[in-house]
Amino acid sequence: MTEFRLVASVQIRLAKGHYVDMTIIDQMKYVFLAAFLALLGISVGDYFAKKSDSKAEADFEWVTDPNPERTGQAALFADWTRQRGAERRLVVDAGNSDIRKKLIQGVAGVAGDVMDLRSGSDFALARAAGIIRDAVPLVSDQGIDLKNTYKAALAELVDGEAVLGYPCNVFAHMMWMNLDALEAAGMEVPTSPLDIEEFERLGKQFLEAHRGRPAHDRVYFASGISHHALRRSLGGDFFNATLTASDLDSPGSVRALDLLRKWTVEDGLVPSQSQLESMATAAGGLAARVQLFWEGRFALHLDGLSSAVVRPGVGGMPKFGVTTPPCGDFVNTTLGFRAATVYAGASESDAIGSFFAFLQSPEYNYAIMASGDGLPPNPKFAAETEKYFAGADDPRLSECARQFVEAAETISIMEPVSPFVLPGVVHRIWQRAYSDVLTGQLTVREASAFATRRVNAEIARMVNDPDTAGEVRDEYHRAVADQKKIDAALAAGKPIERRWVRNPYHLKYYDHLGILGGEG
Amino acid sequence: MSRRNKTVRQVANGLLFILPNLLGVLVFTLLPVIFSGVMAFTNWNLTKQNQFLDGAIRWVGVQHFLEMLSSPHFYQYLGNTLYLLLAVPPAIAASLGAALLLQGKLDLGGKSRLWLPWVAGFATLVCAAGCFSLGATSAGILFAAGGVIFGAGAVFGHTAYRTLFYIPHFTSGVATFLLWKKLFDPTLGPVNQMLAQPLQLVGGVLSHVPQWAIWMVGLSGLLGALAMLLMATRDLHRRWRDGEIDGALALGGIWIAVVPPGIVAGLMGAVEVAMILAGLAFIVTLGGLTQLGRRPERLPSNGNGLAVWKMIFVGAGAGVLIAMAGGLLRLTGDSALIFSPPDWLGDPAWAKNAFIIIMIWAAAGSNHMLLYLAALGNVSGELREASQIDGASYWAEFVHVTWPQIFPTTFFIFVTSLIGGLQGGFEIARTLTEGGPAGATTTLSYHIYQEGFEAGRLGYASAVSWVMFVLILMATLLTWRFGKEGAPE
């Protein structure tokens, strides 16, 4: 039997003449009880104190990225709604911008009312998990159309009759050119559009001009390559025309992967990931890459319009220009967005509808343009190039903005997304294949074939999963049937009917080839 | 108060005290573990079953485990996890070495060694000057910092060293990994800057050595590894014959020694070598089983633990020899000339080795060092004095007096390192390489994260986590079965 041996006891005086003996155990019990009550009191006090903070006063919570501009945009929203009769307030949550946090909080029922999601993997994952909902009912009394944005972006935002969000900003990836660095190397300015052969020729010329530089001061011709744009320019893509199977082993895709390998490993035109990190400053990330570009370590830099926000650390801005990413016959680039979406568990608040109307307003769009934070979501304002980088004394910025707008409206295509497999899974498979090729583990053909098998296996897993919705499975089988028609039409040299094609890339590509027929 | 009431009251008091912690363990540990165990056999997927979707969670039996076993990458990730366990013996040795260095006032074997830190400090400063003059600035800075550290120890005593050794332990893991990322930078990192000149020298020397001679050295390494394993097997047989160890360990010890070099050979692409090792181990096992059948088992003495340790170090040593042999045998005429520091984190052949280096560094000044310091403080001074009187050297004193006394601590550290090693690898991989290059640093824990939180497949991720649990349980049980019997009498 356990016995507690008393080490000491004390007499506690409760009142005059009244004492009680307390053992160590009794003393510790009261100490613990006191600590528990103190913690409880602090928690209750904290709860009631926080109830009176801005979060409680706000109409909704906006989960967005940790960009200092968001606070200003929140204040602008409050002003904008005040001018329209009833002030609405939002509170910015920049601490949960990671998609994994949004996903876990979303399924747990505690996500923010309005969540910013990046196009591609993030948007598709949130959509597949059902944590975002149709925003159309919320804007029914606002007099706006949520489809009033760039046509290319609608491919991802629209789901039948539903519109799952509206962009906060849009970015088209183009190649910034450091004209001073090119001139110093005695080179001509790359043309626009930039083709593959010219890219290689100029790249080798640039590196030759810088031969003999020490390893720590090495230069590259381009900071990165858009593998989507390159692959698509050669007729390949992640998926086939109906998004039912992988296209990574098509001749165009294989050639694109081979070019990426050649430019990175053999020619040294583009740095590998570890080489890029080796060049980056302690801050790392995109800002560091832009700085290196302004310094002339890269002659070309792949990015959106927002690169111009990062100014050179020392000295003025070099002469710069913009061209397309290196492409084959089909000139294209990728479009992306950061879209405001409505959490499926959000409260029904007309303030959220006001927010979407605000995103289409001139006040918000001009604010985006003035700060250089990408292209405005409402294309009506995008052409007012004098509004970009307001206050900047460099007229070249407006000219460059015009090229980004033109790219967004004409040659841009969203990143490939299939409803039959998660884009994040496909991206991970492709990254592995790319890594295998760069490190010499697999040849280009082996890696392409392996990636294709893996992606198709993932598609088959999703389609065959009993939990996959019936309509998804039906759509898959319809799409497979249409793919057979497309293959037959291609083989016979006949036009391909537009309604057969689900992949937005293939719609543009077939149109470019002149083989796209009518509705049939 | 009656005795019974008093007992009840005391038990109630005790339960009250531990109730908060008990509730925490139940709610945040036990229940999730049980929940995960059930989910491993269901189709739980965040993109199919949650409060906003209609999907139902169904029982799928062993589907996830079958999928795991048929996945081509699972075995790579399992191999990565096991490979990183090669860090455990040197990590233990590093923490023990640090503790031995820091335990006393530089009084080794009764003779003062106070001049050591001054000499070491001067030597590192000379190296720093050499590095600066050769343009290896980063390496020079490192050496200079080392010189300052040695100097601090000389001035302030071993307390300064203890503090400096322990500081990295309470620095954030991510912060130290980012620092190591810069240290391992292939262009600007001090590690490669220090290696560049010596490797060029070696390359220059090797360029004059005939190809066949290089291959002979490589082959010797391979044969050396084989000889180590054969001698270890013979030693195991002798110990079993003399009754020092039991038959189960005699046979198991062969596999303990063979697995590390087999994994190394397999990961280097020398599958044939791995197969040969496995085949030999199998043959010896069969022979051993035959002998066990013929000869009645004697009662073993307490030699099992030491035999296990010996096999672990033999295995690690053979693994290192095979790695070196493999490197030499792959040298062609051209590569003998070009000896350059590796791209540590960008080359699949070196990424895991970079992780092992970081793990050994982290272990040297970790809690294990503190445990060893405490254990060394409890070593009987009388036994030490007796050994010194008998004329024992420092090494003999360590092997026969110190090591047996600190064995329980070593056993504890080994078990916890094994568990940590099998579970870990996520933080370091996520920070340094994101599981690459080419999946070379994706461990089972990282794979669980990818499948669970990037693809939403929590059922499958739970299944992988339970496979990891079984691995850890088996390793721990084996260690408990054989390892703790090495404690001194």
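Modeller: Let us begin with one pair in this predicted model. The side chains of Arg201(A) and Glu188(A) meet in a salt bridge, at 3.3 Å from N to O.

Colleague: What makes the pair of Arg201(A) and Glu188(A) a salt bridge?

Modeller: The rule asks for a side-chain nitrogen of Lys or Arg within 4 Å of a carboxyl oxygen of Asp or Glu. Arg201(A) and Glu188(A) are 3.3 Å apart, N to O, and the pair therefore meets the rule.

Colleague: Which parts of chain A does this pair tie together?

Modeller: Arg201(A) lies in helix 8 (residues 196-209) of chain A, and Glu188(A) lies in the loop between helix 7 (179-184) and helix 8, so the parts tied together are 13 residues apart in sequence.

Colleague: Why is Arg201(A) called partly exposed?

Modeller: Its relative accessibility is 42%. Buried would require under 20% and exposed over 50%, so a value in between is called partly exposed. Glu188(A), with a relative accessible area of 41%, is partly exposed by that reasoning.

Colleague: How do you know that Asp267(A) and Lys262(A) form a salt bridge, and are these residues buried or exposed?

Modeller: The closest N and O atoms of Asp267(A) and Lys262(A) are 2.9 Å apart, and the limit is 4 Å, so the pair qualifies. Asp267(A) and Lys262(A) are both buried.

Colleague: What is found for Glu451(B) and Arg457(B)?

Modeller: Glu451(B) forms a salt bridge with Arg457(B), their closest N and O atoms being 3.1 Å apart. Both Glu451(B) and Arg457(B) are buried. Salt bridges that share partners place these two in one network, whose other members include Asp98(A), Arg100(A), Glu67(B) and Glu454(B).

Colleague: Which element gives the most to the side of chain A that touches chain B?

Modeller: Helix 4 of chain A does, with six residues. By class, that side of chain A has 22 nonpolar, 13 polar and twelve charged residues.

Colleague: What is the area buried between chain A and chain B?

Modeller: The area is about 3,600 Å², of which carbon and sulfur atoms give 54%. The contact takes 47 residues from chain A and 41 residues from chain B.

Terms used. Residues are numbered from 1 along each chain as its sequence is written. Chains are lettered from A and ligands numbered from 1 in the order in which they are written. This is a predicted model: local features need pLDDT of at least 70, side-chain atom pairs count only at pLDDT 80 or more; totals for chains, interfaces and linings use all residues. Side-chain values use heavy atoms; hydrogens and water are left out. Contact means heavy atoms within 4.5 Å. Buried area is the accessible area (1.4 Å probe) that two parts lose on being put together, summed over both. Helices (H or I, at least four residues) and strands (E, at least two) are DSSP runs, numbered from the N terminus. Ala, Val, Leu, Ile, Met, Phe, Trp, Tyr, Cys and Pro count as nonpolar, Asp, Glu, Lys and Arg as charged, and the others, Gly among them, as polar. Buried means under 20% relative accessible area, exposed over 50%, partly exposed in between (1.4 Å probe, protein chains only).
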